[in-house]
Amino acid sequence: MVPVQYYLLVSAAVFCIGVFGILTRRNALVFLMSVELMLNAANINLVAFSRFHGNLTGQMFSLFTLAVAAAEVAIGIGIILVLYRNFADVDVTNATTMRW
Amino acid sequence: MTNNTDDRSSLVPGLAAVALFGVLAVVFVRASFGDAAGFTGGEGVVASIGYALLNIQHPDAIPSEGFLVALLLIAVVLDAALDGAVLLARRDENGEITTALRSNAADDEATSEPVAAADGGVVASDDSEEVTG
């Protein structure tokens, strides 16, 4: 059986890739993908510890996290559409205020 | 389209991300977790997830809590997100941009200046500031 540390290392790597994407990229779509990477890193941890403890609650939590992530992406893509229509670009640094 | 950042500006965030991974890796490797319990039970994982989602008590299912209320709540949340996404992405009938997320929509309706902006076209502007693409 694979030790839980390996899952944690993969999760940490995925999370750090997401952090790097958020810190460096200005494209809103890449931003959204980086947030998804960080969310899925948390999901890996939940599933790994679910198996570690022999309880399904962690997997259930990861399922609900996926559902919340889907809702977030739906709203996020809608916001990106509005951003593109108003600025003709998806650069997140263009929109500096909540009002335009 | 959006320009990517140059190498110098991504060097510090890259180092920060690598340093964060290094710290996490050291902590994880040095921690002792013991042996994993694994899943025990006659039913499979997928069947047990179904039982847990619907609060069904089954003797052979893998132990878990009940998530029926959470399932209903997340259904409502997903429905609200779908409505929100449609509201944000919807165009008006005359081709104008959607007025969602704009606090000066009433001003635009009062003026006769065109505010429409097709994808890749002229960007809408209001009284106070001019926005260029």
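Modeller: The buried residues of H1(A) are A:Val4, A:Leu8, A:Ser11, A:Ala12, A:Phe15, A:Cys16, A:Gly18, A:Val19, A:Phe20 and A:Gly21. Bear in mind that this is a predicted model. As for the helix itself, H1(A) has 21 residues, which at 1.5 Å a residue should span 30 Å, and its end C-alpha atoms do sit 30 Å apart, so the two agree.

Now for the core. The largest nonpolar core has 10 residues, among them A:Val4, A:Leu8, A:Ala12 and A:Phe15, and it also takes in A:Ala41, A:Ala48 and B:Ala17. H1 and H2 of chain A are the elements that give two or more residues to this core, and the largest share, seven residues, comes from H1(A). In soluble globular proteins, nonpolar side chains tend to be buried together.

A:Leu8 is a handy one to click on. Setting aside its neighbours within four places in sequence, A:Leu8 is in contact with A:Asn45, A:Ala48 and B:Phe28.

That last partner takes us over to the other chain. Altogether, 46 residues of chain A are in contact with 52 residues of chain B. On chain A's side, the elements giving two or more residues are H1 (4–24), H2 (28–53) and H3 (57–87), with the largest share, 19 residues, coming from H3(A). By type, that side of chain A splits into 29 nonpolar, 10 polar and seven charged residues.

Definitions and conventions. Residues are numbered from 1 along each chain as its sequence is written. Chains are lettered from A and ligands numbered from 1 in the order in which they are written. This is a predicted model: local features need pLDDT of at least 70, side-chain atom pairs count only at pLDDT 80 or more; totals for chains, interfaces and linings use all residues. Two residues are in contact if their C-beta atoms, placed from the backbone, lie within 7 Å. Helices (H or I, at least four residues) and strands (E, at least two) are DSSP runs, numbered from the N terminus. Ala, Val, Leu, Ile, Met, Phe, Trp, Tyr, Cys and Pro count as nonpolar, Asp, Glu, Lys and Arg as charged, and the others, Gly among them, as polar. The expected span of a helix is 1.5 Å times one less than its number of residues. A residue is buried if 20 or more other C-beta atoms lie within 10 Å of its own, exposed if 12 or fewer, and partly exposed in between; C-beta atoms are placed from the backbone. A nonpolar core is a set of buried Ala, Val, Leu, Ile, Met, Phe, Trp, Tyr and Cys residues joined through C-beta atoms within 7 Å.
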